[in-house]
Amino acid sequence: MLRLRALVLPVIALALIAGCGGGIKEKDMDEAQARIDQLKAKGVPDDKVSTPRVHLYSAREHFGKNNKALAKKEMESMEAGLLEAEKFYSEQVATLGPKIEAAKSKAQTEKSSLSGHQVKKIDSLVRIVDSFKTMDWLLQANSKADELVALLPYLKEDEAKSTRIRRQIPGEWVFEDRAKSVEHKDVNALTRKVFRFQPGNKVHLTESKKGQSGPYLREDWEFNSWGTYDFRGDTIMLQISRFQALRQMFTRIHMVDGKPVWKDEPGPTYDSAITDGSQDRHVTFEDLKADFKKVR
């Protein structure tokens, strides 16, 4: 009944336009524009609203030149085209509600066998679908629901990959790399990273570098990170919630009176809570195995 009423109102508007002679007002054109904008916002394709939009533009042009008869004619054509676009939307949305709910139900069923980022991806898309539904943007909601259903097989594949590596990750993984140079014998710097994957999906990272890393640079720094980890397929996702700069010392050569002099350039030390995801990172299991050695 409500949908029928929504269609009847524009018909009345068309009758008023047809019967009021040259009585077109700027308010009429503004209201027509608002209806076009509403259809666009709800996801009606451009080809369905382009004709009424062109007629409305012409009506404004004639109205501005005080050509009321031509403006009235364009408004009648605009209204007819707009009614077609609104009919298209009504016919589309009549079947979308059940279809969207069926997609969400399928996703929720599949979610029960998933974990980690696979679950987060489903929850994220469902929130978008529900948001569009709340705004009565059912075409967009349906598009996202289709995307959700299409994604489910890939999420199941990612879950299988996660299951294969999940038990191999916990423990301490160490990476070490020593920089040396044939041309510059003084270059000798050790980069060390320790990734500790702990119970409860907690992670602690220690990363440091110490020594002369180039002919004109010495480094001595250490950073610590704390957070949680989870899996997206065979990729380990690290969500960092705390970051600490334990020390930052850079020493560079400067020319003083024509002579090279080493000067310290200390950086700040700090210990900060991270809430914006700026320190988040990820590493594939293959890269972890290739670059790190599991020591315990």
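**Overall build and a helix pair**

Me: What share of the contacts between residues at least 6 apart in sequence joins residues at least 24 apart?
Reply: Contact here means heavy atoms within 4.5 Å. Counting pairs at least 6 apart in sequence, the share joining residues at least 24 apart is 59%.

Me: Before we go on, what are the ground rules?
Reply: It's a predicted model, where local features need pLDDT of at least 70 and side-chain atom pairs pLDDT 80 or more, while totals for chains, interfaces and linings use all residues. Residues are numbered from 1 along each chain as its sequence is written, and side-chain values use heavy atoms, leaving out hydrogens and water.

Me: What box do the C-alpha atoms fill?
Reply: Taken along the principal axes, the box is roughly 95 × 60 × 35 Å.

Me: Are H4 and H5 roughly parallel or antiparallel?
Reply: Helices are DSSP runs of H or I, at least four residues, numbered from the N terminus. H4 (residues 68–111) and H5 (residues 116–134) pack at about 160°, with axes 10 Å apart. Angles run from 0 to 180 degrees between N-to-C directions, with axes fitted to C-alpha atoms over the stretch in contact. Under 35 degrees counts as roughly parallel, over 145 as roughly antiparallel, 65 to 115 as roughly perpendicular and the rest as oblique, so H4 is roughly antiparallel to H5.

Conventions
Helix = DSSP H or I, 4+ residues; strand = E, 2+ residues; numbered from the N terminus.
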